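Colleague: I have a few questions about how the elements in this model were assigned. Can we go through them together?

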Amino acid sequence: MDVPAVTSALNWPSGSFGVAVSGGADSVALLRLALDAGHRPTVVHLDHETRAGASAEDADFVEALAQAHGLPLLRRRKSELGDFPATPAGHRDARMKLFAEVGTVATGHHALDQAETVLLRLIRGGSHLGLVGMAATTTLSGVELWRPMLRLWPDAFRDYLLRLGQSWREDSSNADPGQRRNRHRPRLTADRPLAEALVRLSEDARRLRDELATHAPTLPSVVEMDVIASLPPLVAEYALRRWLQAAGVPGRRLSPALLERVAEMATDRAAPRRMQLPGRRRLMRERGVLRVLAE
């Protein structure tokens, strides 16, 4: 989708917000699009202190960019925020701590990122709910995250930056094959129809999830087997997932295989009557009812 055709249709936060700017083309394009839309966001940058000092050069580039447009800047080094490990998860946690200083932050995730996310979840064997991918807006760890560019492809906004005469930084770690995403990106970049199909899959999965959320009943703390048996299988699975999470089972650990076993226990009297669950919980069935007990 061409950037000029969608610029006016991009969704932005209604109040003050920050834009996470790494210095790469995607985040720089996001900042310039925000300026085009009349916003004056805070530029938010985290120096991960990596790549033998190159990350500090990225930080200097972002600071100069903010100054050129008269924008407020929130710049931090990762070590200033705490003792985070030098791993993707550690970097992510450090960014979220920095974002919390602003409260509402727009990030430069785009359609190719969405395709990668769905592909990785497919490879890991994720359920149809996991294939939903990234949401345009979400709240995580108290931070309101916005992703205005999820419908844009990188070639579109790189052309946009070139037309503006706007430079950006290239992060050499994006070519590191040791990172799982980087191993799949060249294939998706070369095969646009595949990437677009993955994005459509995420949209279909989101519609399915929304339908399930509408039609699945909220189960009481003690559930009768007959109630679960009366529901269509996908609706029953969604209702059980929500019920288990309300009982303290971590949602991220509710794998498709585990939910299948729970559904079997909830509908088949010949199935085992006890099951250990994540989060130090235990599922029990007796006399046709199920309940979750804390260890």
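What follows is a short exchange on confidence, strand pairing and helix packing.

Colleague: What confidence does the chain have?
Modeller: This is a predicted model. The mean pLDDT of the chain is 90, and 93% of its residues reach 70 or more.

Colleague: Where is confidence lowest, and where highest?
Modeller: Helix α1 (residues 3–6) is lowest, at a mean of 60. Strand β4 (residues 104–106) is highest, at 97. Where pLDDT is low, the predicted coordinates should not be read in detail.

Colleague: How do you know that β9 and β10 pair?
Modeller: Pairing needs at least two bridges. Strands β9 (residues 281–286) and β10 (residues 289–294) have six, in the antiparallel sense. They therefore count as paired. Glu286 stands opposite Val289 in β10.

Colleague: What makes β7 and β8 edge strands?
Modeller: The open sheet runs β7-β10-β9-β8, with antiparallel pairing. β7 (223–224) and β8 (274–277) each have a single partner strand, so one side of each lacks a neighbour in the sheet.

Colleague: Which strands does helix α11 touch?
Modeller: Helix α11 (residues 233–246) touches β7, β8, β9 and β10. Contact means heavy atoms within 4.5 Å. The direction of α11 makes about 35° with that of β10.

Colleague: Where does helix α12 lie?
Modeller: Helix α12 (residues 256–267) lies across β8, β9 and β10. The angle to β8 is about 155°.

Colleague: How do you know that β5 and β6 pair?
Modeller: The cut-off is again at least two bridges. Strands β5 (residues 137–140) and β6 (residues 143–146) have four, antiparallel. They therefore qualify. Leu140 stands opposite Val143 in β6. Two residues lie between the strands of this hairpin, where Ser141 takes a positive phi near 55°.

Technical notes: Residues numbered from 1 in each chain as written. Predicted model: local features only at pLDDT ≥ 70, side-chain atom pairs only at ≥ 80, totals over all residues. Heavy atoms only, no water. pLDDT = per-residue confidence, 0-100. Axes fitted to C-alpha atoms, helices over the stretch in contact; angles between N-to-C directions.
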